[in-house]
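Trainee: I would like to take a close look at the aromatic side chains of this protein and their surroundings. Please guide me through that part in one connected account.

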Amino acid sequence: MGGDNKTFSSDFTLTGLFTQNAASGFLFSIICVIFFMAMIANGVMIFLIHIYPHLHTPMYFLLSHLSFIDMMYISTIVPKMLVDYLVGKGTISFIACTAQYFLYMGFVGAEFFLLGLMAYDRYVAICNPLRYPVLMSHRVCWVILASSWFGGALDSFLLTPITMSLPFCSSQKINHFFCEAPTMLRLACGDKAAYEMIMYICCVVMLLIPFSVVIASYAQILITVHQMKSAEGKKKAFATCSSHIMVVVLFYRAALYTYMLPQPYHTPIKDKVFSAFYTILTPLLNPLIYSLRNTDVTGAFKGVLARCQGVPGVSREGF
């Protein structure tokens with residue numbers, strides 16, 4: 001193709017999530033509420049885990065970093081989208097689009113790996129409880145965390161140059177609310193088969209590695225739970241794993257559609273809906289699922305509320 005119909009540096013136009021109708025203002029308000037609630041809920045989760053000693057365990061250590069990742073990647077997308085709606089235009093420069101793409105892929109990739117490795121923590125807690133302090137030592141927790149960030153960074157450094165080095169067509173309109181990989185590929189000109197194959201392989205590997213850890217861990221957990229004779233033990237094991245399973249299903253389901261379903265099955269509307277689910281709703285649902293279904297977290301939260309209200313006799317432990 002000639003140089004007239006491709007570019008590497010022009011601004012893009014994001015169509016956004018809001019349509020120009022009466023419901024757009026209501027949708028804007030809803031997303032504003034979700035964003036601020038997600039930031040507050042994840043911030044509270046990190047705060048509680050930090051100040052309460054009985055939450056200083058490997059599971060909560062990893063959970064606090066999951067909350068941090070949620071805060072980071074929702075912040076790379078939603079504020080820009082909300083500001084675009086307020087100012088009435090959705091332009092984004094090539095550099096800003098590249099930066100958003102890079103950060104988003106890094107944070108989401110880190111969450112993929114962290115959720116997968118958190119399944120290993122649940123496996124050890126249920127299948128090898130006596131060896132839990134050794135198998136999930138402080139050093140192992142940091143190795144898990146470092147591995148998650150390394151996987152996310154590798155995702156960004158591999159996919160960002162591949163995608164953003166493509167020649168984009170003269171139409172710079174991105175039919176999405178942020179610079180997401182499949183949408184950017186559809187905007188590119190020329191023969192994209194090789195690029196699409198490389199991206200597909202990278203995404204499959206990045207998704208299947210943590211997903212395989214989840215499947216293997218929970219297969220062993222199910223076998224162990226099935227062999228338990230105590231009904232109370234089975235109930236406790238289920239309660240321990242149910243929150244993590246819910247978060248994994250919510251996050252992975254939408255991500256698998258976005259990155260593993262072949263392009264012919266994608267439509268702009270479906271892409272926006274699934275992307276909104278795991279980039280906007282999931283960061284809010286994660287802390288709510290873990291807090292509402294966890295007596296340790298709810299107890300810590302009630303303790304903070306009681307102290308704020310000046311209730312006498314509340315323990316100062318953890319402050």
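Mentor: One aromatic cluster is made up of Y73, F112, F211, F251, Y252 and Y278. Before going further, please note that the model is predicted: local features need pLDDT of at least 70, side-chain atom pairs count only at pLDDT 80 or more, and totals for chains, interfaces and linings use all residues. Residues are numbered from 1 along each chain as its sequence is written, and side-chain values use heavy atoms, with hydrogens and water left out.

The structure holds 18 aromatic pairs. Rings of Phe, Tyr and Trp (its six-membered ring) count as a pair if their centres lie within 6.5 Å; planes under 30 degrees apart are called stacked, those over 60 edge-to-face, and the rest tilted. One of the pairs joins F107 and W149, with 6.0 Å from centre to centre and 80 degrees between the planes, and it is edge-to-face. This pair links distant parts of the chain, 42 residues apart: F107 belongs to helix α4 (residues 94–127) and W149 to helix α6 (residues 138–164). Helices here are DSSP runs of H or I with at least four residues, strands are runs of E with at least two, and both are numbered from the N terminus. F107 is buried because its relative accessible area is 12%, whereas W149, at 29%, counts as partly exposed. In these terms, buried means under 20% relative accessible area, exposed over 50%, and partly exposed in between, with a 1.4 Å probe and protein chains only.

The rings of F177 and F178 have centres 5.1 Å apart and planes at 55 degrees, so this pair is tilted. F177 is buried at 1% relative accessibility, and F178 is buried at 0%.

Next comes E180, which lies in the loop between β5 (173–174) and α7 (181–187). E180 has a relative accessible area of 1% and is therefore buried. Leaving aside residues up to four places away in sequence, E180 touches Y101, Y104, T258, Y259, S275 and Y278, where contact means heavy atoms within 4.5 Å. Y278 is also a member of the aromatic cluster described at the outset. S275 is 95 residues from E180 along the chain, yet their C-alpha atoms are separated by 8.7 Å. The side chains of E180 and H176 are joined by a polar contact of 2.7 Å; such a contact is a pair of N or O atoms within 3.5 Å, in which, within protein, one must be able to donate a hydrogen and the other to accept it, and residues adjacent in sequence count only if both atoms are side-chain atoms.
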